[in-house]
Amino acid sequence: MIDLLWLIPALPFAGFLVLILAGSRLPRIVVAVLGAGSVGFSAVVACLIGIEFISSPLVKTSFTRTVWTWMSFEGFSPSTSFCLDSLSLLMVLVVTVVGFLIHLYSVEFMADDDAYHRYFAYMNLFVTAMLVLVLADNLMLLYLGWEGVGLCSYLLIGFWYKDPVNARAAMKAFVMTRIGDTGMIVGLFLLYNSLGTLEIHELMVRAVRDWPVGSVMATVAAALLLCGALGKSAQLPLQTWLPDAMAGPTPVSALIHAATMVTAGVYLIARTHELFALAPAVQAAVAVIGVATLLVAGFSALAQQDLKRVLAYSTISQIGYMFLALGVGAWSAAMFHFAIHAFFKSLLFLGAGAIIMSTHHEQNMFRLGGLRTQLPVTFWTFLAGAASLAALPLITSGFYSKDAILWYAWSSEKGSVWLWLGGVAGALLTSIYTFRMVFLIFFGEARTKVYKRPGTAMLVPLIVLAVLSMVAGFIELPHTLGDVRLFSGYLGAVLPPVPIPPGQASLEGILGIVAAAVSVVGICLAYLLFLKVPQIADRAASTLAGRALHRLWLEGCGFDWLYQRLLVFPFVTIARINRSDFIDFFYQLAAFLAEGLHQGLSATQTGRTRHYAVGIGVGALIIIGMAVWL
Amino acid sequence: MILVWLIVIPLAAGVLAWVVGRGDSVWPRWTALAAMVLEFVLAVWLWVDSASGALATTKLPWLLHARYEWIPELGIGFSLAMDGLSLVLVVLSAFLGIVSVVCSWSEIEEQVGFFHFNLLATVAGIIGVFLATDLILFYFFWEIMLVPMYLLIRIWGHENRAYAAIKFFLFTQAGALAMLVAILALYFLHGQQTGTYTFDYFQLIGTTLNPAASMLIMLGFFAAFAVKLPAVPFHTWLPDAHTEAPTAGSVILAGLLLKTGGYGLIRFILPLFPGSAAAFANAGMALGVVGIIYGAILAFAQTDLKRLVAYTSISHLGFVLLGVFSFNGMALQGAVIQMVCHGISTGALFVLVGLLQERIHTRDLDQMGGLWSTVPRMGGMALVFALASLGLPGFGNFIGEFLVLMGTFHTNHWMAAVAAGGLVLACVYALWMMLRGFFGAATQERNISDLSAREMLVMAVMAAAIFWLGVFPQPTIDVTVPALDGVRKVARLAGEESRTPDVAKFQQLKTGLGRTTKPMQGPGENR
């Protein structure tokens, strides 16, 4: 079975090929079956292989299978090889299972769209590229998947291309992530040039062997890879594309911009964690960027009116938590939060999609309200996702994954009180904006009509994901609460545990209680401010400072404004001014002079003997003069 | 003999097309198509043959030779030779020859016979350039491809064709004359030293030159190649010529004519003047990097779709210049792949622009917009080649750019890092083109047809080719590796040389190169 590893990405790719080549001629039902079915099959294969892998001794190491050699000369031979280890298996399972649920949901959600086949073709291609990304055993193949998911993100953000706003958002996403990717590819050159391979495992071995901790090479290489991770995972300063990416269909946001692609950066860092461990400065930067991002995005989420934009900022903020975990060396805590986040965030997006569909494309939370009774299943599942996002203590998965990160942010050797404080402040923000969303949409008076209710194909994924958001966290519990280590134990072969300095362990319980309290306080605050006495929030927002802050947060803390003035405008202006290429001016000048000279000389050819006689005379004088005086 | 055929077939078919084309517009097309298909089949057959090892008896780079006396008194011979590099470029020429005949099928309606004569004569000249191993013969073909191309632009071009044609001619001719002077200088210096006055490439390779003379002569060659490539600041003929030329002309210009510049750099500059080239390397790389960035910025600024595509060529060919002058085997390989892939991807974009112009009678991006909903197949194809052009992995262009940058990084970190910035800019112009042309709301109601079966076939074949190069680049690498090996060795040594100057070692390696390519002698063919 495990030899069929290639089948996991090949199935959705086959689906893509059929759909893109013949999809327009197929009936909708066939398109749906092919589109969702190929990913479903892939998920089944992944599960079977996963079971076999976990129960075999391979789980301690890895399994690699080469499909073909991409190219080979001068010792440079990146191949199309897929490598399965516990980390990539985790990613594969999340991608295929969540991917399948979202495909299933899309069957109904996109049912009225004209370009049904195009949608599923792109989605299948995305799943393929994402699987290549996580299964690649060398960085060049990983880069193929990396750019592939970027392409699909571009295609799907701009899926409704007729609105230029969507098309521009798509372009923005691609270009901004490409900026990071370019840093990353230079990192690849650096790694190959210094270590002589791009095969990830070998690369890490050689890096540890050749580079001392803190060496310049390791630092630069890690920093360059980090560029790619920042772009893809929408972290400061390359985060501004993600809120605009909400222009795509909602299931796309769920799959690409919440569950999978945007966490590719987290995966990349976890995958090359040996390298980052060699570069403490860069790793510290990862943690600081994570905290800064989670705060900036948390504040921004607080002021949004558009439901999907809240979720987008929330995604940026939650990935900030993952970066924080990576920065303090809590690799498996980052991956744990990734998996849990994939469940609850895709659930929230799918729930948002159900709301948007039911209310005829109403995304403004202030025009929704009271939907609790009209959309009960959506409400309860959304509530489960929201509780998990807000890390409601004990009963939600999100609590366990976030609690682990906060604990390591404090206790790890690389952690500090400041990182922890930032994380806790972010947790407070998270539960406020999450329940602000819940209260605005589902409670209060109904402000919009429900036109239709989601059907089975949409409800099943919601329910499955809601269950996962609740119970998946119980595979990893802190010492104080049962001490279950299934998840980190499973990843232990790839990701080493966090070294905790002695004397810290006793704090775990206290910190856990603080985190739990913060979450509950946040929910209560949200209840107070947005449901019970909204006047307080209104009054605060109407003061001068309140208005300014609100505006700042609504605009995502002004990064777009800054980039527009600092980068885009100068570039476009200079390019426009130089549209006709100033270099050509010099050639034009030469041509102009030649023509002028030509006309000047032509003008002397008057046909009058007198003029010629004068010319001959003057010429003779000059020649005689030269002969005499020179 | 087969090498001669490769040149004679298009030339003869061109004359035939002209003859049958008087008063008839169908036969010239079929004649030209048949000739190009025959050429292509022949070239591919050579490729398959060489891959199976039938052609090369040893591991020597040269696969085929043909040498006939021409003007023996002056040491001029009609000598042709083919190695992997020329083979790949000949295959590309024949491929794009087919494409340009097919894409002119409904575009060209006046003087059809004479049009095809010029088209095929240009192709014949280009193939001659790729095969000639006598410098005078090389110069002869260099001129051959120029004149019919001038006529293609001048007669069948768009609005501003007269200006564009003369500009194209003057720029290229100026470069060519510098090269002619350099060829003659090399001829006389070689004659003075050895007593044999010859234009034969293989004998001239062993010439010992003092550094100053070598640098001057190299710059003479470089002038011709830099104009053709084109390297900034000699590029300003290109946007005009490409924009005003008929579609087939643009395809040939971008796909093939520019490649003669890159080919010249690899075939002549590096082996003949490795020392001077190494001394010039930083300048050459800088020119490449400037071209990559500057071309991309200019492309982004354009409002004329065809002009936009034309400027992307400057950016893409900057990678070739960078790859050649980075003196690294990997980068050199990348440069060759980049040449082939650029030929296909940019050629395809020009075809698309041509097809679009046939339908909507404008190239102005401001008047396009929302075309995807009207012509989805065309939009899909434009997207494919826009992505190829921005260097997305999976397309051949990525392999070329990746290898060039990776090789360059070995030589010079900063050049590679700055050049990588071109990847972002490529993304900007390619997606901008899609955004302005195909996405958004339709600006006006248009009643136009999507790609026909014939057009779709051309596009699909080109798309398949660019994918094939991206996913299975190995065959192309394999066929060019032996050809580049000699150059690579000299280049690598010369590259080290430039850092630690040592004249004696330098001479040694140059004679070394002469030896590796020696086994060609005697008239006629030795297969």
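Predicted model: local features only at pLDDT ≥ 70, side-chain atom pairs only at ≥ 80, totals over all residues.
Reader: Which helices each supply at least two residues of the nonpolar patch?

Author: Helix 1 (2-20) and helix 2 (27-51) of chain B do. Helix 1 gives the most, with five residues. Val15(B) lies in that helix 1 of chain B.

Reader: Now the two chains. How do you know how many residues the contact takes from chain B and from chain A?

Author: Count those with heavy atoms within 4.5 Å of the other chain. Chain B gives 61 residues and chain A gives 47. The area buried between them is about 4,800 Å². Carbon and sulfur atoms give 73% of that area. On the chain B side, Phe402(B), Met406(B) and Phe409(B) lose the most area to chain A. Together they make up 11% of what that side buries.

Reader: Why is the meeting of Lys167(B) and Asp584(A) called a salt bridge?

Author: The cut-off is 4 Å, from a Lys or Arg nitrogen to an Asp or Glu carboxyl oxygen. Lys167(B) and Asp584(A) come to 2.9 Å, N to O. That is within 4 Å, so the pair qualifies. The count between chain B and chain A is one salt bridge. Polar contacts are counted too: 18 residue pairs across the interface. Helix 19 (residues 413-437) of chain B gives the largest share of the side that touches chain A, with 13 residues. By class, that side has 43 nonpolar, 15 polar and three charged residues.

Reader: What makes Glu147(A) and Arg178(A) a salt bridge?

Author: The test is the 4 Å cut-off again. Their closest N and O atoms are 3.0 Å apart, so they pass. The pair links distant parts of the chain. Glu147(A) sits in helix 5 (residues 139-157) and Arg178(A) in helix 6 (residues 164-195), 31 residues apart. Over all chains, the count comes to 21 salt bridges.

Reader: How do you know the form of the peptide bond from Leu236(A) to Pro237(A)?

Author: Look at omega. It is near 0°, and the bond is cis. Pro237(A) is in the loop between helix 8 (216-232) and helix 9 (241-244) of chain A. In chain B, the bond from Leu229(B) to Pro230(B) is cis, with omega near -5°. Pro230(B) is in the loop between helix 9 (211-228) and helix 10 (237-244) of chain B.

Reader: What makes the phi of Leu394(A) worth a note?

Author: Phi is near 65° there, a positive value in a residue other than glycine. Leu394(A) is found in the loop between helix 16 (376-389) and helix 17 (397-411) of chain A.

Technical notes:
Residues numbered from 1 in each chain as written. Chains lettered and ligands numbered in written order. Heavy atoms only, no water. Buried area = accessible area lost by both parts, 1.4 Å probe. Salt bridge = Lys/Arg side-chain N within 4 Å of Asp/Glu carboxyl O. Polar contact = N/O pair within 3.5 Å; in protein donor to acceptor, adjacent residues only side chain to side chain. Helix = DSSP H or I, 4+ residues; strand = E, 2+ residues; numbered from the N terminus. Nonpolar A, V, L, I, M, F, W, Y, C, P; charged D, E, K, R; others polar.
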